[in-house]
Amino acid sequence: MRLAIIIPTIGRPILHDVLNSLLPQVQKHPSSKIYISYDGKKSSKKFKSLKQKIPKSSQIRLLSTGKNRSGASNARNVALKKAIPSSDLIAFLGDDTISQKDWLSKTLDWHTKNPAENKAILGRVHWVESLQKDRLHKWLDSHIQFDFHRLDQGYKPDWRHFTTSNLSLKTRMLRRNIFNKCFKGWGFEDGELGYRLYKYHNLDISYVPSIKVFHDHPQEFQKVLKNLKNARKNAKIFENIHPEKKLLPHGVKKLLLTILAFGLFIVPKTLSSKAYWWSRTKLVWLGYTFPIQVD
């Protein structure tokens, strides 16, 4: 099987480690290729610097969107246009997710055993070792980041888990379905594609935790709230495209969630960091704009 690995990037330094983890694996499979899609112009200093730092290999292609910060959706689409004609499988990774040394072989093996066009894999995303014991990162792992707590307990993934940090599927599923470029920033730009594939093509995602990558992107709670605020904007766009699917809370659910979030808002972080993080993320998700981050 011919595998195309798509990595959108804004030129994070950690991309070097991502490629170093992938290239030895790709070299064992000559029909596999890595497509790095830089979200910026070829004429920029950052692109030229990136080009110099990328390992020289015929199996790595560096692309450019030609626009500054056009969004991850557009960057992935640029790579898809190049990758689709010569691949059987498409895998999406982040430019900050370092793959385990058997990631590629396990990915190919699973798809060989599950050849149906609608079958896809969601692999496990772990924080890098230096972040795994941090309480905020552990909490994010089980909540707004990836929902792995439920998946590890046996919950069946659905279109909401179509997250492009460690995901692979058959190329044919993407020939007529690509990412919607109206989404900007973090949140639902990949889930919306997952929903279309589920709705129209019966997408079936399997969670395979043995296919691992390690996420090297330290988080700060203030940035988490900023990303969630942006995700709320994208959720509204999602609902406009798919009015039958409500992502934001409405009616009684919204009222109850508001009461609970404000109730836990007064709980100090020293007493319960989980209540502190949960209440503030829920208030942002509900659309409140007053300063809710106080530390």
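A salt bridge is a side-chain nitrogen of Lys or Arg within 4 Å of a carboxyl oxygen of Asp or Glu. Keep that in mind and select Arg12, Asp95 and Asp96. These three residues are linked in a network of salt bridges. The model on your screen is predicted.

**Stop 1**

A search of the whole structure finds 15 salt bridges. Three pairs come next on the tour.

Select Arg2 and Asp88. They form a salt bridge, with the closest N and O atoms 3.2 Å apart. Now look at where each residue sits. Arg2 is in the segment before β1 (3-9), while Asp88 is in the loop between α3 and β4 (89-93).

Move on to Arg124 and Asp152. Their closest N and O atoms are 3.0 Å apart, and they form a salt bridge. Arg124 lies in strand β6 (residues 119-127) and Asp152 in helix α7 (residues 148-152), so the pair ties together parts that are 28 residues apart in sequence. Color them by accessibility. Arg124 counts as buried at 7% relative accessibility. Asp152 counts as partly exposed at 42%.

Now select Asp147 and Arg150. This salt bridge has its closest N and O atoms 3.0 Å apart. Asp147 counts as buried, at 14% relative accessibility. Arg150 is partly exposed, with a relative accessible area of 37%.

**Stop 2: helix α8**

Select residues 189-201. This is helix α8, with 13 residues. Its first and last C-alpha atoms are 18 Å apart, close to the expected 18 Å.

Which residues of α8 are buried? They are Glu189, Asp190, Gly191, Glu192, Leu193, Gly194, Tyr195, Arg196 and Leu197. Show the surroundings next. What covers these buried residues includes α3 (72-83), β7 (166-170) and α9 (221-241).

Step just past the end of α8. Asn202 takes a positive phi of about 55° there.

**Stop 3: aromatic rings**

The structure holds twelve aromatic pairs. Select Tyr195 and Phe238 for one of them. The pair is tilted, at 5.7 Å centre to centre and 50° between the planes. Tyr195 belongs to helix α8 and Phe238 to helix α9, 43 residues apart, and the pair links distant parts of the chain. Both Tyr195 and Phe238 are buried.

Next, select Phe221 and Tyr276. Their ring centres are 6.2 Å apart and their planes are at 40°, so the pair is tilted.

**Stop 4: charges over rings**

Select Arg280 and return to Tyr276. The charged end of Arg280 sits over the ring of Tyr276, 3.8 Å from its centre. Finish with Arg76 and Phe179. Here the charged end of Arg76 sits over the ring of Phe179, 5.2 Å from its centre.

Terms used:
Residues numbered from 1 in each chain as written. Predicted model: local features only at pLDDT ≥ 70, side-chain atom pairs only at ≥ 80, totals over all residues. Heavy atoms only, no water. Helix = DSSP H or I, 4+ residues; strand = E, 2+ residues; numbered from the N terminus. Expected span 1.5 Å × (residues − 1). Buried < 20%, exposed > 50% of the residue type's maximum accessible area, 1.4 Å probe, protein only. Contact = heavy atoms within 4.5 Å. Phe/Tyr/Trp six-rings, centres within 6.5 Å; stacked < 30°, edge-to-face > 60°. Lys NZ or Arg CZ within 6 Å of the ring centre and 35° of its normal.
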